[in-house]
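Me: I would like to learn how to read a fold from its coordinates. Please take me through one case, feature by feature.

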Amino acid sequence: MERTFAIIKPDAVGKRHAGAIIQRIEDAGFAIRAMRKAWLTKAQAEGFYAVHLGKPFFPSLTEFMSSGPVIVMALEADGAIKKWRDLMGATDPAKAAPGTLRKEFGSSIGENATHGSDAPDTAAFELGYFFAGVDLI
Ligand code: ATP
Ligand code: MG
């Protein structure tokens, strides 16, 4: 079993799509090991996305991610990292495959509904950023 870290981003929470997205996560067979609501400060968003520091979209990304509440989750499944990224679809909703979450719920490359870790090392960092070991049930 593998764990990955997921966020339902402020656009999807604001549009009341969190319930539908969580349903899709359960339907896909993930175990939700931890879940809570959070409202990131700009500094927390900058720390979380530090890997993108210096990129042109870093200011808008961190502004957006701290613009409203999000739902953070620890997901577990066989091959959870790839499985969750496959369910999310491509970063740009316009390029995401039919049936993916970003196709269905995203509206632009910035407001793309969900986040997922992209590798084991980023999953470990991101899970630790939001959850302590005791939170994972
Ligand atoms: P995420 O990390 O949010 O799961 P991702 O791994 O598919 O998305 P990254 O390359 O890590 O994509 O980019 C992080 C986020 O930054 C994207 O989800 C998107 O919201 C934003 N982003 C990436 N590229 C661009 C871009 N060219 N213009 C605007 N925003 C972008
Ligand atoms: Mg990424």
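Me: How many positive and negative side chains does the protein chain have, and how far apart do the centres of the two sets lie?

Reply: Start with the counting rule: Lys and Arg are positive, Asp and Glu are negative, and His and the chain ends are not counted. Each charge is placed at NZ of Lys, CZ of Arg, CG of Asp or CD of Glu. Here there are 16 positive and 16 negative side chains. The two centres lie 3 Å apart.

Me: What should I know about the model and its numbering?

Reply: This is a predicted model, where local features need pLDDT of at least 70 and side-chain atom pairs count only at pLDDT 80 or more, while totals for chains, interfaces and linings use all residues. Residues are numbered from 1 along each chain as its sequence is written, chains are lettered from A and ligands numbered from 1 in the order in which they are written, and side-chain values use heavy atoms, with hydrogens and water left out.

Me: Which elements make up the protein chain, and in what order do they run?

Reply: Elements are DSSP runs, numbered from the N terminus: helices are H or I with at least four residues, strands are E with at least two. The protein chain has 7 helices and 4 strands. Their order from the N terminus is β-α-α-β-α-α-β-α-α-β-α. The radius of gyration is 14 Å, close to the 14 Å of the globule rule for 137 residues, so the chain is as compact as a globular protein of that length. That radius is taken over C-alpha atoms, and the rule is 2.2 Å times the number of residues to the power 0.38. Along the principal axes, the C-alpha atoms fill a box of roughly 35 × 35 × 25 Å.

Me: How do I read burial and contacts for the whole chain?

Reply: Buried means under 20% relative accessible area, exposed means over 50%, and partly exposed is in between (1.4 Å probe, protein chains only). By that rule, 45% of the 137 residues count as buried. A contact means heavy atoms within 4.5 Å. Among contacts between residues at least 6 apart in sequence, 75% join residues at least 24 apart.

Me: Which residues of helix α5 are buried?

Reply: For a helix, list the buried residues, then check their directions. In α5 (residues 80-88) the buried set is A80, I81, W84, L87 and M88. Their arc around the axis is only 135 degrees, which puts them on the same side of α5. The arc is that of the directions from the helix axis to the C-beta atoms. These residues pack against β1 (2-8), α2 (18-27), β3 (70-77), α6 (101-105), β4 (114-116) and α7 (120-130).

Me: Where do the buried residues of α7 fall, seen down its axis?

Reply: The buried residues of α7 are A123, E126, L127 and F130. They fall within an arc of 100 degrees, so they line one face of the helix. D121, A124 and G128 are exposed on the other side. The buried residues of α7 pack against β1, β2 (31-38), α3 (42-48), β3, α5 and β4.

Me: What about backbone angles? Is A113 buried or exposed?

Reply: Check phi, then the setting. A113 has a positive phi near 75 degrees and is not a glycine. A113 sits in the loop between α6 and β4, and is buried at 0% relative accessible area. R16 also has a positive phi, near 65 degrees, in a residue other than glycine. R16 lies in the loop between α1 (10-14) and α2, and is exposed at 78%. Just after α5, G89 has a positive phi of about 90 degrees.

Me: Which residues does F105 touch?

Reply: Residues up to four places away in sequence are not counted. F105, in helix α6, touches D11, K15, H17, A20, I21, R24 and A113. F105 counts as buried, at 8% relative accessibility.

Me: And what does A90 touch?

Reply: A90 is in the loop between α5 and α6. With the same exclusion, A90 touches K95, A96 and R102. A90 is partly exposed, at 34%.
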